[in-house]
Amino acid sequence: MSTIVEILIQTFGKECVRTRDEASVRVASNWRQTEHLNCLALLRPKTTEEVSKILRICNEFNQPVVPHGGLTNVVGGVVTKPDEIALSLERMNGIEEISVQNKTATVQAGVILQNLQTVLAENGQHFPLDLGAKGSCMIGGNIASNAGGLQALRYGVMRNLVLGVEVVLADGTIISSLNKMVKNNAGYDLKQLFIGSEGTLGIITRAVLKIDDLPKSKNTAFVAVESFEKANLLLQVAKKQLKNDLTTFELLWQDYYRLMTSPPSPYSPPLPQTYPFYVLMEALGQDADKDKILFDELLENWLQDGLIADAVIAQSQQELEKVWGIRENVDLIFSVHSPVFLFDVSLAISDMDDYIKKIRSDLQQVWPSLHFYAFGHMGDGNLHLFINCGTNDEETKHLVDAIVYQPLQQISGSITGEHGVGLEKKSWLYLTRTTEEIELMKTLKKALDPKGILNPGKLLPD
């Protein structure tokens with residue numbers, strides 16, 4: 001056992017410190033559960049003060065530390081090497097305060113997103129971050145990766161939902177900026193340094209989140225449209241007529257819809273599979289009767305006007321789960337195809353159609369038997385791509401990456417909309433960020449973590 005692990009055990013006890021062998025019973029990632037955690041030690045502090053002491057010791061020993069949340073990251077952001085220490089905040093899972101009057105929730109970083117939403121709902125409140133991984137992802141990780149999700153169209157991404165944070169720097173310094181105000185113009189907004197920093201600048205331990213009243217109505221429809229232009233027009237019309245109640249606007253290309261509504265999928269098609277595009281739209285409001293009448297009337301009008309070609313409204317919980325399952329059950333792709341490359345890009349809505357056509361064509365020229373699936377959050381410009389071209393060697397992966405990412409540079413798009421950079425995308429960061437921006441990021445990293453112990457090798461190119 002290494003000297004630092006012995007010191008950590010003596011300082012914090014076995015309840016906090018798991019040795020390499022003890023940690024190896026855990027999976028390295030909840031996204032890819034094929035590998036077990038291989039690290040020097042796994043630390044499980046219970047307080048911010050313990051995190052501070054841990055980092056102070058690790059900084060003294062030049063010991064790399066990789067922060068662990070719910071391990072749902074998909075870009076290698078929590079990959080831990082054998083000589084690195086994993087720092088899990090799973091025991092820091094307290095919901096410290098819910099203020100209905102101030103519309104804030106103060107929570108520890110290890111709180112699981114779905115658990116927070118359940119407790120808030122019992123108090124008539126709502127935290128609108130909505131992710132497929134909500135049953136296991138943690139608030140600290142959501143903040144560190146600036147998570148987006150299914151309701152960003154209305155509520156914004158995690159950056160828009162955080163009022164204050166408490167962070168421990170690499171040398172153990174505690175920065176407690178647990179602001180509870182929407183307006184606070186007193187100097188630099190320090191929390192923004194750490195939101196989306198992927199654990200490279202500090203360890204987030206607590207946060208103050210914005211909450212809202214629990215919606216009293218939910219109206220959901222699955223819609224078919226005959227062109228991308230009509231999908232875009234539908235989005236603009238729906239935003240104008242449903243106003244702030246429009247919460248979700250998900251676009252599915254035909255190939256994805258067909259896959260998700262054909263065997264072995266458990267879902268039958270609620271609409272014919274012949275349309276080029278499908279939209280899952282949802283509106284949340286505060287007046288159940290009026291909201292339903294308006295939603296039904298709008299759909300009828302859109303059908304009569306030819307804006308949409310067909311539609312179904314979810315009339316029961318079972319139907320609601322079905323239409324959302326068609327959008328969300330992405331694991332089906334991995335059971336049908338192997339290997340699969342996963343992408344998460346952002347771009348202007350006006351560029352989406354041409355972009356997808358181009359990269360599909362470019363990929364098919366190299367791999368004629370390509371399987372290509374596109375869908376995503378059209379309302380906020382974020383698309384997800386799943387690509388199967390038969391092999392997954394490094395050369396193939398690099399070529400697929402190049403075909404998908406390089407066109408984004410010309411249209412000012414982003415190589416990542418909500419998953420982050422991690423290990424997998426850092427070599428492509430130059431397509432999204434200028435040289436000056438990347439150098440400034442490196443300057444911040446060096447200033448806050450001069451020894452480079454926090455999540456080393458992630459996000460920033462070498």
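This is a predicted model: local features need pLDDT of at least 70, side-chain atom pairs count only at pLDDT 80 or more; totals for chains, interfaces and linings use all residues.
Seven residues from domain 2 and twelve residues from domain 3 take part in the contact.

About 850 Å² is buried between domain 2 and domain 3, with 52% of this area on carbon and sulfur atoms. On the side of domain 2, the greatest losses of area to domain 3 fall on Leu150, Leu153 and Arg154, which together account for 75% of what that side buries. With regard to specific interactions, zero salt bridges are counted between domain 2 and domain 3, whereas four residue pairs are in polar contact, both residues being at pLDDT 80 or more. Helix α6 (residues 152-155) makes the largest contribution to the side of domain 2 that touches domain 3, supplying three residues. By residue class, that side of domain 2 comprises three nonpolar, two polar and two charged residues.

His337 lies in the loop connecting α13 (331-336) and β16 (341-346). The relative accessible area of His337 is 10%; His337 is therefore classed as buried, the cut-off being under 20%. When residues up to four places away in sequence are not counted, His337 touches Leu259, His371, Tyr373 and Asn388. With Tyr373, His337 also forms a side-chain to side-chain polar contact of 2.7 Å.

Key:
Residues are numbered from 1 along each chain as its sequence is written. Side-chain values use heavy atoms; hydrogens and water are left out. Contact means heavy atoms within 4.5 Å. Buried area is the accessible area (1.4 Å probe) that two parts lose on being put together, summed over both. A salt bridge is a side-chain nitrogen of Lys or Arg within 4 Å of a carboxyl oxygen of Asp or Glu. A polar contact is a pair of N or O atoms within 3.5 Å; within protein, one must be able to donate a hydrogen and the other to accept it, and residues adjacent in sequence count only if both atoms are side-chain atoms. Helices (H or I, at least four residues) and strands (E, at least two) are DSSP runs, numbered from the N terminus. Ala, Val, Leu, Ile, Met, Phe, Trp, Tyr, Cys and Pro count as nonpolar, Asp, Glu, Lys and Arg as charged, and the others, Gly among them, as polar. Buried means under 20% relative accessible area, exposed over 50%, partly exposed in between (1.4 Å probe, protein chains only).
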